[in-house]
Amino acid sequence: MPLWEWFYRYYFRVQTDGWHHIPRDEKILIVGSHNGGLPAPDMHMCMYDWFKRFGTERLVYGLMHQNAWSVFPTTPLAVQCGAVRAHPKMAIAAFQRNASVAVYPGGGPDVFRPHSMRDKIYFAGRKGFIKLALREEVPIVPMISNGAHDTLIVLADVYEQVKQLHEWGLPWLFSLDPEVFPIYIGLPWGLAIGPLPNFPLPVKINTRVCPPIVFERYGREAASDRDYVDACYERVITRMQQELDQLVLSTS
């Protein structure tokens, strides 16, 4: 927490609002948009805000991508902060403990989306979080940010080209499909090719917790209704984009 506080106050100079939207005694599904490469500084700053306000007494678990468990040496530290494998069973187990769950559905394609899309909510059509919220009958609380995607400059994603090379026989590093293969400018590499870890530039970050989204229908039947899931997904994306547009305008 002291390390996060230094980055929060002096490096990223975080401004935040909307924390009153977190229901006081209710488990929730926090849905965020990733920014800023593998360090995802806005996510860590939101974690600092959560623990600063709620301590460790109010449990929250974050769903971390499967690839991270095989590659990153910092995984044990993430586990101490509440990270669990990104799988519906893990989220359901957390909800059964009356804990909240945080998920960033866009994953790698979101966190490394091109800089031209820095002000866009992009979940790559992934709707598993909608099914989870409907099945477990929990409200979705969107969490957005502005600025973190400027901590590195993603020029392009050449995943499709690299995937073609893989199909011709080039093996994936660590035998893991990275799902994204960015070309970006940032520290410490200067120009980097591939989903390499970076050190974020000291850019001001603004975060916002949005009002909860409550759907009209819940339960297993609702979660199995493809059209309803699609409608709920579009509702969440639209609401988060509207909130992000407002945040960008207010901070520009």
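**The buried interior**

Modeller: Cys232 counts as buried, at 3% relative accessibility; buried means under 20% relative accessible area, exposed over 50%, and partly exposed in between, with a 1.4 Å probe and protein chains only. Before going on, note that this is a predicted model: local features need pLDDT of at least 70, side-chain atom pairs count only at pLDDT 80 or more, and totals for chains, interfaces and linings use all residues. Residues are numbered from 1 along each chain as its sequence is written, and side-chain values use heavy atoms, with hydrogens and water left out.

The cysteines come next. There are zero disulfides in the structure, a disulfide being a pair of cysteine sulfur atoms within 2.5 Å. Cys46 takes part in none, as its nearest cysteine sulfur, in Cys210, is 10 Å away. Cys46 is buried too, with a relative accessible area of 6%. For Cys232, the closest cysteine sulfur is also that of Cys210, at 17 Å, which is too far for a bond.

Now the core itself. A nonpolar core is a set of buried Ala, Val, Leu, Ile, Met, Phe, Trp, Tyr and Cys residues joined through side-chain atoms within 4.5 Å. The largest one has 37 residues, and those touching the most other members are Leu29, Phe129, Ile130, Leu134, Ile140 and Phe215. Two or more residues each come from β2 (29-32), β3 (60-64), α5 (88-96), β5 (100-103), α7 (128-136), β6 (140-146), α9 (220-224) and α10 (226-251). These labels number DSSP runs from the N terminus: helices (H or I, at least four residues) and strands (E, at least two). The largest share, 10 residues, is that of α10. Leu134 shows what one member touches: leaving aside neighbours within four places in sequence, Leu134 is in contact with Cys232, and also with Phe215, Arg217, Tyr218, Gly219, Ala222, Ala223, Tyr228 and Val229. Contact means heavy atoms within 4.5 Å. Another core, of 32 residues, lies apart from this one and includes Trp4, Phe12, Val154 and Ile205.

Ala91, Ile92, Ala94 and Phe95 are its buried residues. They lie on the same side of α5 because they cover an arc of only 160 degrees around the axis, the arc being that of the directions from the helix axis to the C-beta atoms. Lys89 and Gln96 are exposed on the other side of α5. The buried residues of α5 pack against β2, β3, β5 and α7. After α5 comes Asn98, with a positive phi near 65 degrees.

Last, the sheet. Seven strands form an open sheet in the order β1-β10-β6-β2-β5-β3-β4, with mixed pairing; two strands pair if DSSP finds at least two bridges between them. The edge strands are β1 (15-17) and β4 (83-85), each with a single partner strand, so one side of each has no neighbour in the sheet. On average, neighbouring strands are turned by 25 degrees against each other, direction ignored. β6 runs antiparallel to β10 (residues 206-209), joined by four bridges, and Ile144 stands opposite Arg208 in β10. Helix α7 lies across β2, β5 and β6, at about 165 degrees to β2. Axes here are lines fitted to C-alpha atoms, for helices over the stretch in contact, and angles run from 0 to 180 degrees between N-to-C directions.
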